[in-house]
Amino acid sequence: MNRITKIFQDVKKNNKKVFIPFITAGYPRLESTAELIPALADGGADLVEIGVPFSDPMADGPTIQASSHTALENGVTLKWIFKTIKKIRNNVKIPLIFFSYLNPILKYGLERFFKDSQKIGIDGLLIPDLPPEESDEIKKLARRYKINTIFLVSPTTSNNRIRLIEELSDDFVYCVSVTGTTGTRGKLYSEVKPYLMRLKSNLKKPYVVGFGVSTPEDVKKISEISNGVVVGSAIIKFIEKFKNNKELPEKVKNYVKKLKSPLK
Amino acid sequence: MKRKKGYFGKFGGMFVPETLVPILEELEMAYFQAKKDKKFIEEYKHYLEKYAGRPTPLYFAERLTKKLGGAKIFLKREDLLHTGAHKINNTIGQILLAIKMGKTRIIAETGAGQHGLAVATVCAKFGLKCVIYMGEEDMERQKLNLYKMRLLGADVIPVKSGCKTLKDAINETLRDWVTNVRDTFYLLGSTVGPYPYPLLVRDFQSVIGREVKTQIKKNRNSSLILIACVGGGSNALGLFYPFLKDKSVKIYGVEGGGLGINSQKHSATLARGDIGVLHGSKSYILQDFDGQIKIPHSISAGLDYPGVGPEHSYLKEIGRVDYTSATDKEALKAFHILTEIEGIIPALESAHAVAYAVKIAPKCSKNTNIIINLSGRGDKDVDIVAEAEGKKL
């Protein structure tokens, strides 16, 4: 069984809340990725979202844009990402998800991408610039190579579209908290509550909330009306702050613990 | 689930974050309604005529024809339009659409500043809030247009991400749109981006080709050649589109050859790119081995774009249009020729089209008519030309 499916069975049965941190592959340095993924897992991540850097990340705010830029300067390629994850996959038991814009995947070769993802143990894929209408081919390949697909719901999504997106998302739906790019913001909860209540009454599958979730308090409040959270920019900011600290993996582990603490 | 609409062959589509999909569908619906709305069409025509200055002349360039000694050369004088380029055809159409949709805030990207200027102009005219994203590098290259936009009341925001030019300005405008999607209208300047923009911009620009059709006398003994420069491709499609079905018409699109298409410094996307997804549509793009977008180069800021409209990719694939390129040097030479013997200073973008005409006209018979889309005037480029030639203003 796909590792993501397993986790979300637990979510459905036991009302478990999932915590999903995001990191940009090859950031802040090439060698960081092999240290940070295990650190995130040790800190209590239920899944890890691995960002594949792209030169033109239109859905990302300044923090993740800058990290992608640095990663590309470090020389990150999909080939390198596969090689790196392969080395650590046996030591990391939790599901790993790719967050990638479409173009690097197209250039790598769609079938080759899915084949290699399966081979090294990638469990899921989220493409922020691929709406359901354009997803036929990708969905077919994802099924063939047993990679779960995750699609986004946004505050502008109608109830009819929500059902379509739910159908295409294998185990869970990713809800974009507010209209906008990735990044931290203030006053998240009061802004998103009515929208999350609408989702709750329209979705049968579990859903997690991302974009703007940045503090333990956000994690607590948002997870009360969802099945979990994704934290991206806040983690990248934290890594940026301690990028030259020798204890970076340990620090990241503890940061994840702290962010996740309300989910006990 | 199949989406067949929004494609030109296998090119085009709507590759955008979910937040924008419902808004693009709203735009598509509003556009198809407007197209059938007599009042809307009347209004669009009214402003094109009274405000922008249409129809533009089709001018017989007699001395250029004589100098080149072959085909008869005609210039479609889009440079005579208000704001100095064809861009206004599209901005009038889209702002009327924005008003019809009840949007109160207009955002746009600009490269050379010609589109930004045309957007700031219609926003001033119709009293809408206007935000323009412009790459920091382009701001430096196009100071005059920058100042004009600010005079017109636009809030011009410098883009510091990526390579700080047009492609990054588009990314930044898309990010603004994703954030302020409900009250904001993205007034896109070329036949690029997610569906329905490539179609919508082409339709608003097609007035160029439709006018030419009524202005040129065709008979059995003469043949017709169309030439236009291609960056994103809006002036080119505007001229080409009404002629596509007439297979007797030869059509050439001229890309920015920069320092040569075998160098790494050019913006000849159709000649040297391959298929990918950028800014919401599938088309030819300039990318590296890992699918990262390359930094293009052209002396003309308006051609300096690593993508191209999806319909151009389609026209290349089916062989309907021949795509070629002119280098910076050839464009500069053509700039001088037209200036000196016709008294018309062309935009550096349009000079690329002139350059190709200069190349092929001598080989054509006297019964051939060549129509060059003179998409913009060159005032904005005079200092760039001076600098390229080591002269001080």
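In the predicted model, Pro28(A) is placed in the loop that runs between β1 (18–24) and α2 (32–42) of chain A, where helices (H or I, at least four residues) and strands (E, at least two) are DSSP runs numbered from the N terminus. The peptide bond that joins Tyr27(A) to Pro28(A) is cis, with omega about 0°. Pro28(A) has a relative accessible area of 8% and is therefore buried, the term buried standing for under 20% relative accessible area, exposed for over 50% and partly exposed for what lies in between (1.4 Å probe, protein chains only). With neighbours within four places in sequence left aside, Pro28(A) is in contact with Leu36(A), Thr70(A), Asn74(A), Ile239(A), Lys243(A) and Leu248(A), a contact meaning heavy atoms within 4.5 Å. The C-alpha atoms of Pro28(A) and Thr215(A), in contrast, are separated by 22 Å, the two residues being 187 residues apart along the chain.

A cis peptide bond is also found in chain B, where it joins Tyr195(B) and Pro196(B) with an omega of about 10°; Pro196(B) lies in the loop between β8 (184–186) and α9 (197–205) of that chain. Most residues other than glycine have a negative phi, and most peptide bonds are trans. Phe211(A), which is not a glycine, has a positive phi near 75° and belongs to the loop between β8 (207–210) and α10 (216–224) of chain A. Phe211(A) counts as buried because its relative accessibility is 9%. In chain B, a positive phi of about 60° occurs at Lys164(B), again not a glycine, in the loop between β7 (155–159) and α8 (166–179). With 28% relative accessibility, Lys164(B) counts as partly exposed. Thr165(B) lies in the loop between β7 and α8 of chain B as well, but is buried, with a relative accessible area of 8%.

Residues are numbered from 1 along each chain as its sequence is written, while chains are lettered from A and ligands numbered from 1 in the order in which they are written. Because the model is predicted, local features need pLDDT of at least 70 and side-chain atom pairs count only at pLDDT 80 or more, whereas totals for chains, interfaces and linings use all residues, and side-chain values use heavy atoms, with hydrogens and water left out.

The secondary structure of chain A consists of twelve helices and nine strands. For its 264 residues, a compact globule would have a radius of gyration near 18 Å, and the 17 Å of chain A agrees with this; the radius is taken over C-alpha atoms, and the globule rule is 2.2 Å times the number of residues to the power 0.38. Along the principal axes, the C-alpha atoms of chain A fill a box of roughly 45 × 40 × 35 Å. Of the 264 residues, 64% count as buried, and among contacts between residues at least 6 apart in sequence, 74% join residues at least 24 apart.

Helix α4 (residues 78–88) of chain A contributes Leu78(A), Trp80(A), Ile81(A), Phe82(A), Thr84(A), Ile85(A) and Ile88(A) as its buried residues. The cover over these buried residues includes α2, β2 (48–52), β3 (96–100), α5 (102–108) and α6 (110–120) of chain A.

The contact between the two chains takes 36 residues from chain A and 40 residues from chain B. Together, chain A and chain B bury about 3,200 Å², with 51% of this area on carbon and sulfur atoms; buried area is the accessible area (1.4 Å probe) that two parts lose on being put together, summed over both. On the side of chain A, Met58(A), Lys107(A) and Glu134(A) lose the most area to chain B, together accounting for 22% of what that side buries. Gln65(A), located in helix α3 (residues 62–73) of chain A, is buried, with a relative accessible area of 14%. Apart from neighbours within four places in sequence, Gln65(A) is in contact with Pro57(A) and Asp60(A), and also with Ser161(B), Glu172(B) and Arg175(B).
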